[in-house]
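Biologist: I would like to learn how to read a structure like this one. Please start with the terms, then show me each case.

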Amino acid sequence: MDRSELAALLRDARSRVAPRDVGLPSGIRRQVPGLRREEVAQLAGVSVDYVVRLEQGRGPHPSVSVLAGLARALRLNDEDRDLMFQFAGSAPPQLAQIELVVRPSVLRLLDRMADLPAIVFSAKGDVLAWNSMAAALLGDFSRWPHAERNIIWQRFLGTEHGYVQMTPEQAHAASEFSVTILRSARTRYPDDVGLLRLVSDLRSRSPRFEQLWNERPSGTRTTGTKRIDHPELGALVLDCDTLLVPDTDQSVVVYSAAPGTRDASALDLLRITGTQQFTER
């Protein structure tokens with residue numbers, strides 16, 4: 001492990017990433033360019049002290065999952081990601097495991113979707129990246145603990161009620177499809193530690209998931225239209241399309257509305273207001 005080179009790479013990468021690049025509000029009173037250490041920690045799912053120690057060249061040996069989280073938080077390209085793994089004394093990620101690092105071209109795609117909410121998911125439902133519009137529409141995903149930043153985990157074990165509203169029939173179909181996703185992922189990645197841990201956690205803690213897992217449902221993707229109950233804009237009905245990234249087995253979910261509709265106007269307003277509140281709670 002080359003602590004000094006790892007520290008220099010992390011500091012340099014942090015200075016190059018703007019808050020808006022990772023779906024965070026820019027805020028005010030920023031003394032230096034780039035992300036704050038606490039923002040990197042929040043996005044990567046580690047403590048601020050851990051980030052400080054790594055940047056000062058005195059941190060412990062990071063695990064593969066921590067390195068993957070840092071690569072996502074800092075928007076590292078493939079070369080810098082591999083360098084980070086090598087400086088940390090670990091082998092770069094291989095395709096035999098579920099890819100948790102979003103490649104730069106997909107991140108650029110998110111950046112260009114300035115007027116549409118977009119989220120990147122892994123093959124097992126991890127929320128890997130999102131743009132500022134997605135945070136404004138659905139909430140700040142960085143507030144979810146790193147271990148719980150998974151849409152399937154949230155569906156069965158999460159305590160927060162999301163903005164997406166479903167009928168009982170839609171919720172049942174979504175649960176079945178979630179189980180289908182994980183069963184399919186286990187076939188493609190039988191040795192992925194994170195996937196095995198996720199399935200084990202769900203089976204042991206969610207009776208509903210355990211029931212569906214044993215039933216082996218052949219769930220299909222739910223309707224492409226989603227109802228969003230936004231706390232500021234009220235009820236929105238948006239088209240929800242999934243774009244596949246075959247090389248990494250990731251998916252990009254994009255929300256949109258037909259031009260000229262009230263829902264499209266609401267998205268236009270959301271692009272301006274972002275995550276700020278404009279009504280009293």
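Modeller: Start with burial. Buried means under 20% relative accessible area, exposed means over 50%, and partly exposed lies in between, with a 1.4 Å probe and protein chains only. This is a predicted model, where local features need pLDDT of at least 70, side-chain atom pairs count only at pLDDT 80 or more, and totals for chains, interfaces and linings use all residues. Residues are numbered from 1 along each chain as its sequence is written, and side-chain values use heavy atoms, with hydrogens and water left out.

Biologist: Is Glu 39 buried or exposed?

Modeller: Glu 39 counts as buried because its relative accessible area is 9%. Glu 39 sits in helix H2, residues 37-44. Helices here are DSSP runs of H or I with at least four residues, strands are E runs of at least two, and both are numbered from the N terminus.

Biologist: Which residues does Arg 14 touch?

Modeller: Contact means heavy atoms within 4.5 Å. Leaving out residues up to four places away in sequence, Arg 14 touches Gly 34, Leu 35, Arg 36, Arg 37, Val 40, Glu 55 and Leu 74. Arg 14 belongs to helix H1, residues 3-16. Arg 14 is also buried, because its relative accessible area is 14%.

Biologist: How do I read a helix pair?

Modeller: Two packed helices are described by the angle between their axes and the distance between the axes. Axes are lines fitted to C-alpha atoms, for helices over the stretch in contact, and angles run from 0 to 180 degrees between N-to-C directions. Take H9 (residues 168-188) and H10 (residues 193-205): their axes come within 10 Å and cross at roughly 145 degrees.

Biologist: Which residues of H9 and H10 meet?

Modeller: From H9, Leu 182, Ala 185 and Arg 186 meet Leu 195, Leu 198, Val 199 and Leu 202 of H10. That contact divides into 6 nonpolar, no polar and 1 charged. Ala, Val, Leu, Ile, Met, Phe, Trp, Tyr, Cys and Pro count as nonpolar, Asp, Glu, Lys and Arg as charged, and the others, Gly among them, as polar.

Biologist: And the whole chain: how many helices and strands are there?

Modeller: The protein has 12 helices and 6 strands. Of its 281 residues, 46% count as buried. Its C-alpha atoms fill a box of roughly 55 × 45 × 35 Å along the principal axes. Among contacts with a separation of 6 or more, 58% join residues 24 or more positions apart.
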